[in-house]
Amino acid sequence: MTIVNESHHEEFILLGFADLPWLELPLFIILLITYPLALMGNIAIILVSKLDPRLHSPMYFFLTNLSFLDMCYTTSIVPQMLFNLGSSTKTISYIGCIIQLYIFHIMGGTECLLLAIMSFDRYVAICRPLHYTLIMNQRTCILLVSIMWMTGVIFAFSEATLTLQLPLCGVNKLDHLLCEIPVLIKTACGEKEANELALSVVCIFILAVPLCLILASYASIGRAVFKIKSSEGRKKAFGTCSSHLIVVSLFYGPAISMYLQPSSSITREQPKFMALFYAVMTPTLNPFIYTLRNKDVKGALGNLVRNICKCK
């Protein structure tokens, strides 16, 4: 019996914070503010990276991909959250749940890989500056991004499809804010050890391996920065990496606590808060982190605003 025939319902009930009803209105207001901010901030990053010739470099090519990922990531869940929080209906259709499941995990898995690629880009820029343009040429960047997208899609698609084969045995209530693989596995009945094992293996490749590559890159970067004699050079090198390190911490921290932490040590409400953090707060904060700590992006944004004002 599979979820795609007798086992599934026409819709799922997303319980969310049913035990904490006082939290729904503040959360609705926060999402209503942060979601447009996330969209505007990431659209602004994409526009300035494309329109300003000074930002036509590998670093901003990857940043454009990150902004696009963040927009898709947060859009896959926030509109449904706003609908559920703003009404007495806490449901999502079965088809809507499937679409959300695939998009959410494809974007999340791809972002894990992209953050690793961005750290490699910073490693080459600081540790191999004379070979940077040779190594990080346009062809290499496009190849890396293509592999990243294909890998993210394959891993997420296979794991989500495997999860959807689990029988739910008449259960249509999900104790979460969205359709997420660990919650569907937990809700399912019958034998699910194979799914749990598959999820663990996927998380090792998508979360743990990229994180190890990021840590290795920044260990090498740290050694290279300390060898720079001038304080101005060290400050500049640190400035180019600090934004990325902050983004990595904001994304990987909650994701690891959700997907690599033993399920027995996860509280009932923890997945909901973690999902809000890495799928809502991180995409909202990313544009501001990169803008506030980057003179080139701030200058490009200023030029864009001035040009818009002149046109008006």
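How many residues of the lining of the second largest cavity are nonpolar, how many polar and how many charged?

A: The model is predicted, with local features requiring pLDDT of at least 70 and side-chain atom pairs counted only at pLDDT 80 or more, while totals for chains, interfaces and linings use all residues. Residues are numbered from 1 along each chain as its sequence is written, and side-chain values use heavy atoms, with hydrogens and water left out.

The lining of the second largest cavity divides into 6 nonpolar, 3 polar and 2 charged residues. In this classification Ala, Val, Leu, Ile, Met, Phe, Trp, Tyr, Cys and Pro are nonpolar, Asp, Glu, Lys and Arg are charged, and the others, Gly among them, are polar. A cavity is a set of points, on a 1 Å grid over the protein atoms alone, where a 1.4 Å probe fits but cannot get out; lining residues have an atom within 4 Å of a point. The second largest cavity has a volume of about 80 Å³, a volume being the space filled by probe spheres set on the points, which are joined across faces, edges and corners.

Its lining consists of Leu14, Leu15, Gly16, Phe17, Glu24, Met81, Asn84, Leu85, Lys90, His176 and Leu177. Helix α3 (residues 78–85) gives the largest share, 3 residues; helices are DSSP runs of H or I with at least four residues, and strands are runs of E with at least two, numbered from the N terminus.

Leu14 also belongs to the covered face of strand β1 (residues 11–14), together with Phe12. Strand β1 pairs with strand β2 (residues 91–93) in the antiparallel sense over 3 bridges, pairing requiring at least two DSSP bridges between two strands.

Notes: Buried means under 20% relative accessible area, exposed over 50%, partly exposed in between (1.4 Å probe, protein chains only). On a 1 Å grid over the protein atoms alone, a cavity is a set of points where a 1.4 Å probe fits but cannot get out, and a pocket is an open set with protein on both sides within 12 Å along at least five of seven lines; lining residues have an atom within 4 Å of a point.
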